[in-house]
Amino acid sequence: MSNSIENLVHHTTLVITKYENEEFQRAGDPYEVIVHEGNAFAPRGTRMLWKLFSGQASGNEFYSGTNSYIFVGDSPAAVAGTGQPYDLQGANKAGAAVDAGFPTQVSYGSQSVAFNQIAYQATFGAGVASFLWAEMGLVNGSTIAMPGLLTDLPASGTLFNRAIAPDTAKGWGIKVAGVVWLATLLISVS
């Protein structure tokens, strides 16, 4: 008899595609593409994951195309103490609904996405989230819920994960008015 240990590995790739304006976006001509590897589950995100796996989730709790948002904030600070937060930490934060057709397990741009991977993408238009981008996460609602206890799990607005920029001074850049940025989260397990 063989004793083997199975390890589940979670991996997230964040891609920020920056366009000078909507015209450049339509033409597929970005001025910069940033790829960031890694993030951490938020505590309530992990609880929501188990709720989804066990069939206890319903309605707005799913991270579906009609209910998912990508949020960005301006704090690259790691969280001290008990781990990841249930909200982004920045003073400035904004969310955008995922684009039509997302989430998907089929393709991302010209790359093939494996079946163990899901992609979420949101467009932050010319007047949205014009501040330093230093943290990002996936949320199952248009706002991030702020329950009092870690054991409280809101019906929607649960931050699933949080990625922080490696450069605490520069983040992933400052989005200025007029530009369009696409945020893509590629989440995989193996």
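This is a predicted model: local features need pLDDT of at least 70, side-chain atom pairs count only at pLDDT 80 or more; totals for chains, interfaces and linings use all residues.

Trainee: Okay, so which residues are buried in helix α2?
Mentor: R44, G45, M48 and L49 are the buried ones in α2, which covers residues 43-53. Seen down the axis of α2, its buried residues fall within an arc of 150°, so they line one face of the helix.

Trainee: And what covers the buried residues of α2?
Mentor: The cover includes strand β3, residues 40-41.

Trainee: What happens just after α2?
Mentor: G55 takes a positive phi there, about 80°.

Trainee: New topic: which residues touch the most other members in the largest nonpolar core?
Mentor: That core has 31 residues, and I70, F124, W133, M136 and W172 touch the most other members. Strand β11 gives the largest share, five residues.

Trainee: Why do nonpolar side chains end up together?
Mentor: In soluble globular proteins, they tend to be buried together.

Trainee: How are W133 and W181 arranged as an aromatic pair?
Mentor: They sit edge-to-face, 4.8 Å centre to centre, with 75° between the planes. The pair links distant parts of the chain: W133 is in the loop between β8 and β9, W181 is in strand β11, and they're 48 residues apart.

Trainee: Is W133 buried or exposed?
Mentor: W133 has 0% relative accessibility, so it counts as buried. W181 is buried too, also with a relative accessible area of 0%.

Trainee: Which residues form one aromatic cluster?
Mentor: F124, W133 and W181 do.

Conventions:
Residues are numbered from 1 along each chain as its sequence is written. Side-chain values use heavy atoms; hydrogens and water are left out. Buried means under 20% relative accessible area, exposed over 50%, partly exposed in between (1.4 Å probe, protein chains only). Helices (H or I, at least four residues) and strands (E, at least two) are DSSP runs, numbered from the N terminus. The arc is that of the directions from the helix axis to the C-beta atoms. Contact means heavy atoms within 4.5 Å. A nonpolar core is a set of buried Ala, Val, Leu, Ile, Met, Phe, Trp, Tyr and Cys residues joined through side-chain atoms within 4.5 Å. Rings of Phe, Tyr and Trp (its six-membered ring) pair if their centres lie within 6.5 Å; planes under 30 degrees apart count as stacked, over 60 as edge-to-face and the rest as tilted.
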